[in-house]
Amino acid sequence: MDTQVVKTFLEVALTGSFGHAASRLNVGQTTVSARIRKLEEQLGQTLFDRRKSGAELTLAGRQFLRLAPSFVQLGERLTREVLNSTDHTSVLSIGFEVSLARNWVISWLHWLRQNMPETAIHLKVDIPVDLIRRVSDGLLDAAIMHAPPHRSGITVEKLGEDHLAMYTTDSCIRSVQDPRFIYVDWGPVFAQEFRIRFPNFREGPVSIDFPPLAERYIMKHGGAAYGRQSVAKPYVEAKKIVLVQDAPRFAYPIYAVRPIGANIPHLDQALSGLPAISLDDQAG
């Protein structure tokens, strides 16, 4: 099955029109019709009801639509890896949760280039649920995240553990009840543990569900919040923030998610670099 044909199917499904799909793909409408007819012959199913008002997905078309994007992405990945095979002995596709990618990826890529120069790396930064789907669909060899959702067909390996601690730009801020304290959403596990430790907590005028944004806000406008020790360390050393010593800390484990039973050359070696450059660097 040709990925170009499936891409054409997706355009028709998106626009609801063979003509509009042809325009978006910069091909003739007869070409679009021929591609869809070829796809329907391969599947033995009619994918669209052709009407004067446009093209409407049939039941089979709607079912095919669920998997078509993954098919295209997987086909493009296979093509990319074949093209890379002349210059590298292996190719890895790794996903990172957004909140983890910011301060780890650059150092890890440098570690990979130093220790695994024969391996090409493709990175995808996304939210956990989409990363898990990509691992399950074979689009990623592994994904790095904090709290992997449960899903069949995947295995979860703990790489190490970061910690969330309270930091402030003003040493006078020592309590989560201070109106200058900003609640940062570090996920459901943190939220549950935070509420247990601070049962009377009420959110102040600012709360943020995207940690990198909270970091930028506090560094510019001041305040206090819970943040990862591995990220805070250089700011502490530069005396831009200080640790609130008597505030409780929370574990923030880091996991690698991969397909069960998949034999992916060099993946274990690549993942070993993450603790080497990240978790072990948190001391102090």
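The questions below concern a predicted model and the reasoning behind its descriptions.

Q: Why is the pair of F9 and F64 called edge-to-face?
A: Rings pair if their centres lie within 6.5 Å, and planes over 60 degrees apart count as edge-to-face. The centres of F9 and F64 are 4.9 Å apart and their planes stand at 75°, so the pair is edge-to-face. By this rule the count comes to 19 aromatic pairs.

Q: What makes F9 and F64 a link between distant parts of the chain?
A: F9 belongs to helix α1 (residues 3-15) and F64 to helix α4 (residues 59-84), 55 residues apart. Both F9 and F64 are buried.

Q: Why is the pair of Y183 and F194 called edge-to-face?
A: The cut-off for the planes is over 60 degrees. With planes at 65° and ring centres 5.2 Å apart, Y183 and F194 therefore form an edge-to-face pair. Y183 lies in strand β7 (residues 183-184) and F194 in helix α7 (residues 188-197), 11 residues apart. Y183 and F194 are buried.

Q: Which cluster do ring pairs build around Y183 and F194?
A: Ring pairs link F181, Y183, F190, F194, F198, F201, Y226 and F250.

Q: Why is T58 called buried?
A: Buried means under 20% relative accessible area. T58 has 13%, so T58 is buried. T58 is placed in the loop between β2 (54-57) and α4. Leaving aside residues up to four places away in sequence, T58 touches T46, L47, F48 and D49.

Key:
Residues numbered from 1 in each chain as written. Predicted model: local features only at pLDDT ≥ 70, side-chain atom pairs only at ≥ 80, totals over all residues. Heavy atoms only, no water. Phe/Tyr/Trp six-rings, centres within 6.5 Å; stacked < 30°, edge-to-face > 60°. Helix = DSSP H or I, 4+ residues; strand = E, 2+ residues; numbered from the N terminus. Buried < 20%, exposed > 50% of the residue type's maximum accessible area, 1.4 Å probe, protein only. Contact = heavy atoms within 4.5 Å.
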